[in-house]
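Hello,

Please find the structure below. My notes on it come after.

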Amino acid sequence: MSAASLLSALISASPGASLGGSLGAPSAWRGAAAAAVVEADISIDWVTLSPVAIVLGAAVLSTLVEAVGARRSRDGVAVQPAFLRIVQVGIALLAVAAAGLMALRLALHVDEATSLNANGAVTIDPMTLYLQLAIAACALLGLLVIADRTVQGEDAFAPQAAAVPGSDYESQARRRGMTQTDVYPLVQFATGGMMLFPAAGDLITLFVALEVLSLPLYLLSGMARHRRLLSQEASLKYFLLGAFGSAFFLFGAAWVYGATGALRLTDIAAAAALPSGLDPLLVVGLVLILVGLFFKVGAVPFHSWTPDVYQGAPTPITGFMAACTKIAAFGALLRIIYAVGPGLSWDLKPVLWTVAILTMVVGTVVGLVQKDVKRLLAYSAIAHAGFILTGVAALSSDGLSGSLFYLFTYGVATVGGFGVIALVREVDSQGHMRGEATGLDQWRGLGRRSPVLAGTFALFLLSFAGIPLTSGFVAKFAVFQAAFGAGAAALAIVGLACSAAAAFFYARVIVAMFFEPAADDQTAEFETLADGIGSAGVGIRTLGLNQIAVAMSLAFTLVLGVAPGWFLNFTRGLSQLIS
Amino acid sequence: MINNVILAASTAEGGQAAARSAWLVIAIPLISAGLLLLAGRKADKWGHLLGVAASAASFVISLWVFADLLKNGSSDINLAWWINGGFTLDFGLQIDQLSMAFVLLVTFVGTLIHIYSIAYMAHDRDRRRFFAYLNLFVAAMLLLVLANSYLVLFVGWEGVGLASYLLIGFWNQRSEYAVAAKKAFIANRVGDFGLLVAMMIMLGEFGSVSFAAVLPDAAVLSPTTLTLIGLALLLAACGKSAQFPLQSWLGDAMAGPTPVSALIHAATMVTAGVYLVVRSGPIFEGAPGARLAVLIVGAVTLLYGAIVGCAKDDMKKALAASTMSQIGYMMLAAGLGPVGAVFAIMHLLTHGFFKAGLFLGAGSVMHAMRDQVDMRRFGALGKFMKITWLTMMAGWLAILGIPPFAGFFSKDKIIEQAFVAPAGQVWQGWAFGLVAMFGAGLTAFYMSRLFFMVFQGKARWTDDQHPHESPGLMTVPMVILALGSVFGGLILTVVKFDDYLAPALVEGHHGEPVVNAYAIMAATLVLVLAGAWIAWAKFGSAKAVVPVLPPAADGLVRAARADLYQDTVNHGLFVRPGQALVAGATKTDNSVVDGAVRGLAWLFLRTGGLIARLQNGYARSYAATMLAGVILLVAIVLAGRI
């Protein structure tokens, strides 16, 4: 805890102004909802707000370091002092760890922590703290993967993301061993937004948090070192569609405001409980807000961006956002549905059912035909969003705790899974390492070339498939059982059928890794491989941060598969919202 | 899953530190096995040392736990609950007199055999892998006996099956060894099916498979249900313990390295079936039919093994037949109820020592004779291998049941108990008693035959043999096991093993045998001596001539040489119809089921392909999909309003 308190002291000492800026929620809220509530001034409980404040404050600090640290040489190419990267990584890791520890501390004393903070703009309740802990944990693992680089000093990011792919400027930057250290402040901003997202107590905070988490991710998606065009395309698509989704969200917020005259969730819930002629307006508004959130979790039919972005983004970023965005967005979804929804559950149920079933079926069915490991995991992520939605749609306390448990375990396994993918690279005939070997063909025989790596990935896949003795099984059991218990048996049955079908594509990767001959450069078989696919993938040597993250998430996955009881109790204890 | 049951690390009877550390007994060899397998060739230099250390550490901790058990009594430790919703599945350990007796046997004999293997496997380039599997076996076996529920037991049960498979096929470059491994695995799977059925019935009836939930309340079930569970458990026990009719795999299992035969296929794993029956005592108490089935299986197997043992010329296969027969004795005793169960476990312990000793001795002989196993090619080895000769003599006298060697105290009691008849069923006492007694005579014959053919008589070696004593790493474990074979039974009797074990068993009442106990003892000894004398006359004395090729013989001997045609019977009864069934099923599967499945898969893949086509990479079409989705959802919600 000393690190946490030290850091929070540091932060509260320095960038007060920037905090106000980034936590634009209160002031914006004041402007928008002044008619609803008259406030003399804002009371902020910094202690309970600290997980978010630490990360955002550190992000600002990182930005300053970035601004001061980089120097420009005469020919216009930036020159970085060697310590810059270390400083940035250090700040990011420390900040996220401190935020996580703070969230854990608050979660352990949850009775004292629970509050409506910043005049209701931020809701600190057990669920918030649990989700903040989950996000911080996954972000910490994700950061380890992001910060890792090969023994040759290459990380996953373009040396200069602004350079035109293939240009002289880019090759110069590469020759000089430049690295894009802006990644770290961006990740911290995103993490801060994610931690605020499920805590939002009114629609404006919710929207601001949504943008704070989204904008850095759009940028980060476009920064891949290899296959840069694919990466930039992914980034642009993500941005365009994200803006589209945000527009629906805002539109919905306007309708809700129109129907209830309120932006604060508790007020909306109170208004929703009273029948009025404006109900359809309110319901449609809520559905539009949900659409914005469905987009973020990657639920069908708002999922189209997922495969393209997951594939194009730098793999460590994919892992980070697949885990953390999902947790954050589902957190917000749960808050909307469980805080506002109870009065409207009759209306929301068919919506949730439709989306859940569509998501599970499409994620599974399309996953069956994928030939790229990253895309495969993207569809897997879609299917998993569907499984979590069955827990959400149960609309019961079991459903809530089941979904929360699922989110945590899935998030951790996802960071680990993408961490492994980041380690499997192509090597050309001269022995030079190239980009990630994501083609399923290239993974054939990996079990022989890198048994530990392949075995680890196999365990993650088994967890995704929901095989007993992995956390994935327990999580699936929890949500499906909640669905059965809450009269959503049909949903659970679709879920079970999809799990069974999805097991096929996970098993396919395992079979490829362990039971199929390698696509060796020497063999004629290699010639017949699809165009554009290089040599067979091999595990590479790096600084070891990635391996640490993978090992930690594997341990978590297995421990919670064998002995989930304590963690289920922990989750259950924190499965409450203020309403 | 959602009711708030917190069971984590709670103990039923006090929270002793030692008992709570009992999981280490399992974890240490398991971790060591994992390390050895993951480390690969890098660990070749020190792998065997780590393996021995892990097993020894396990033994030391189990001593600690055992001392704690003696002081504080048994405990049931729930380490974690796994699933809890409508039914409960926990992960926990049960430390009681029965489980600890096994734990000490497994870790002690296991450690000795680990040490022996250092020398025995010294020239094998995969020695590290061998030790990894041995450690895996030890961990799984300990999990099996320490489990506090049938489910955890099943995990261990499968684990030992896996280890056994891996070790029988350790030299899988020889295809007949690989086939033997598969045979063992498949026969075991048949048994596992029984255990699964038993667990499903228990889950249905009790909503739990833990011993604490099932066993004390077993009596509330109807005798029919109990008989069903009992028979299913017996099937499982038959598979694992090589009892009739699932015994055929044990002889072939001798393909594994000899230390494996000693540890897994003689001393420990094959006795797991006996453990299962004894542990499930309350179930069999309420199901006389199932108990009778256990008795019959035990009696048939003990004779079967003995008859086969008389005709085998392969030293290891003769010992395997003997193992089968001795476990038949244990099974018979376990079927006799709580009083018999005590002697079943006692015989299991003494047998663990003398049979492991005999197998290690056999390994030592093979070591000296260039892996020769044909006893017709041995003879006169006693002069060249004094230590092996003496240690095997101890094992031989122990298995014969000559007082005061170990087997006397356990086997004689089983024979005596077999003569005890339940009320109104005097025929049972006579039938099982006489079978057990006759079996003792046969045992004396074939074990003496083995001992004399190997160590006495004239040398019938193939050319170029230079027998020599084995190194100390091999002889020291043999000597220790021999000491156990000499004194084990006496010690167990002096420390009143039956009183020690009683708390772990259901209460039983001592019955009187149908004839005087001393008369039984005397008659048994006479039979044993007669059997040994015949063997001496035919194979041991100076005049005896042992042909180096098996002579022509009558039908029974030919049958016994061929395992009483068990493989042929299996082939005709199960394999052929099975293959026909499989062929038929395959055909149906290919045309009907697969047609449907392929159709479905085709449908799925086509659908997948079609939807994937929507994934065309254009942001505009993605946005259109989203818009369609919005319209759909709004329509749904408005439709609900109207």
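This is a predicted model: local features need pLDDT of at least 70, side-chain atom pairs count only at pLDDT 80 or more; totals for chains, interfaces and linings use all residues.

Residues are numbered from 1 along each chain as its sequence is written, and chains are lettered from A and ligands numbered from 1 in the order in which they are written.

Chain B has 25 helices and 3 strands; helices (H or I, at least four residues) and strands (E, at least two) are DSSP runs, numbered from the N terminus. The C-alpha trace of chain B spans about 105 × 60 × 50 Å along its principal axes. Of the 642 residues in chain B, 54% are buried, meaning that 20 or more other C-beta atoms, placed from the backbone, lie within 10 Å of the residue's own.

Where the chains meet, 37 residues of chain B are in contact with 40 residues of chain A (C-beta atoms, placed from the backbone, within 7 Å). Helix 25 of chain B gives the most to the side of chain B that touches chain A, with 15 residues.

In chain A, helix 16 (residues 345–367) and helix 17 (residues 373–393) pack at about 155°, with axes 8 Å apart. Axes are lines fitted to C-alpha atoms, for helices over the stretch in contact, and angles run from 0 to 180 degrees between N-to-C directions. Helix 16 and helix 17 of chain A are therefore roughly antiparallel (an angle over 145 degrees).

Regards

Terms used:
Angles under 35 degrees count as roughly parallel, over 145 as roughly antiparallel, 65 to 115 as roughly perpendicular and the rest as oblique. Two residues are in contact if their C-beta atoms, placed from the backbone, lie within 7 Å. A residue is buried if 20 or more other C-beta atoms lie within 10 Å of its own, exposed if 12 or fewer, and partly exposed in between; C-beta atoms are placed from the backbone.
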